[in-house]
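Student: I would like to check some packing terms against the numbers. Can we go through them one at a time?

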Amino acid sequence: MDLFNRTGKMALGSRLRLLTAKVTEDATKIYELYNVENFSPKWFPVFFVLHEESNQTITEIAEQIGHSQPSVTKIIKEMLKAGLVEDNLKSSDKRRNIVGLTAEGKQIAEKMVTIQCADIDLAIDGIIEEATHNLWEALAEWEHLFEQKSLLSRVKEQKKARESKNVKIVDYNPKYQSAFKALNEEWISAYFKMEDADYKALDSPEEYILNKGGKILVALYNDEPLGVCALIKMEDPDYDFELAKMAVSPKAQGKNIGWLLGKAIINTAKEIGVSKIYLESNTILKPAINLYYKLGFQKVSGRATPYQRCNIQMELSLKN
């Protein structure tokens with residue numbers, strides 16, 4: 001146990017496997033205690049399901065015990081060899097391979113469920129009474145939480161939160177012009193082609209964005225410009241500004257830069273009294289579209305656009 005004290009919670013899987021190994025080792029001996037010879041503990045879920053309702057398909061068994069079909073197929077083959085189950089039973093649908101317990105399997109199951117399982121339940125109840133925490137209830141709770149959000153997703157969130165602390169959002173400076181252009185040119189060229197409107201804004205951001213009342217924000221990760229976003233003034237009766245030229249370097253993915261830039265540009269818009277923001281994009285850019293929805297943008301349609309690549313238009317109302 002000293003190892004787990006040193007490793008901390010990152011060894012959760014290893015600790016659970018060790019506990020599983022101890023329980024499985026005892027389970028094998030428990031089957032022998034009740035004169036159930038050569039019974040593998042891993043068979044029990046399949047065995048129990050077939051005891052409750054015999055004659056089921058591999059798919060039905062897999063769905064009930066939460067295993068893959070190949071895993072259940074392998075277990076069934078082992079149980080066939082042990083003489084506990086039989087397959088290819090009669091079915092109205094000949095394409096379905098029906099599996100059921102043999103006479104020997106039914107006899108063992110009846111004894112196991114009525115006597116052995118009852119003793120095991122009482123033994124585990126005793127452990128629960130001795131323990132400070134109810135492991136059985138905790139397992140159910142943890143399984144539910146993992147169904148809602150996996151451990152991988154949770155670790156990704158923590159990684160993103162940690163790395164995002166090294167992200168700093170700053171106002172545009174002429175020294176960032178090359179990064180502003182390069183970052184946008186990189187993603188546009190990867191999916192589409194550069195258009196005249198792109199070159200105008202990216203080659204001369206002061207003239208086409210800043211001098212007209214717009215804003216440009218730059219995301220620095222460890223002082224390197226890896227993300228940019230612009231708020232461009234519009235001459236439009238419905239919209240004050242357009243959110244445009246948002247780009248994040250591929251090497252900065254997973255660092256929350258897009259979200260931080262989006263929130264910062266929206267806060268900037270609020271500070272200067274913007275009531276509604278407009279943007280254009282393309283649905284092929286799924287991460288970007290998901291980000292815009294997460295930021296609160298909603299789809300609109302029917303507006304003219306200077307970009308050939310645009311197939312979705314969105315807006316965000318900032319009115320209280």
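Student: Why are α4 and α5 called roughly perpendicular to each other?

Tutor: This is a predicted model, and in it α4 (residues 58-65) and α5 (residues 69-81) pack at about 110 degrees. The term covers 65 to 115 degrees. The angle falls in that range, so α4 and α5 count as roughly perpendicular. Their axes lie 9 Å apart, and the crossing is right-handed.

Student: Which residues make the contact?

Tutor: From α4, Ile58, Thr59, Ile61, Ala62 and Ile65. From α5, Gln69, Val72, Thr73 and Ile76. Six are nonpolar, three polar and none charged.

Student: What makes β4 and β9 edge strands?

Tutor: Seven strands form an open, mixed sheet, ordered β4-β5-β6-β7-β8-β10-β9. β4 (167-171) and β9 (298-300) each pair on one side only. Neighbouring strands are turned by 30 degrees against each other on average, direction ignored.

Student: How do you know that β7 and β8 pair?

Tutor: Pairing requires at least two bridges. β7 (residues 241-248) and β8 (residues 276-281) have two, in the parallel sense. Therefore they meet the cut-off. Glutamate 242 stands opposite tyrosine 278 in β8.

Student: Which helices pack on the sheet, and which strands do they touch?

Tutor: One is α9 (residues 177-191), touching β5, β6 and β7. The direction of α9 makes about 90 degrees with that of β6. Another is α13 (residues 286-295), touching β7, β8, β9 and β10. The direction of α13 makes about 20 degrees with that of β10.

Conventions. Residues numbered from 1 in each chain as written. Predicted model: local features only at pLDDT ≥ 70, side-chain atom pairs only at ≥ 80, totals over all residues. Heavy atoms only, no water. Axes fitted to C-alpha atoms, helices over the stretch in contact; angles between N-to-C directions. Helix = DSSP H or I, 4+ residues; strand = E, 2+ residues; numbered from the N terminus. Parallel < 35°, antiparallel > 145°, perpendicular 65-115°, else oblique. Left-handed = near helix turned anticlockwise from the far one by under 90°. Contact = heavy atoms within 4.5 Å. Nonpolar A, V, L, I, M, F, W, Y, C, P; charged D, E, K, R; others polar.
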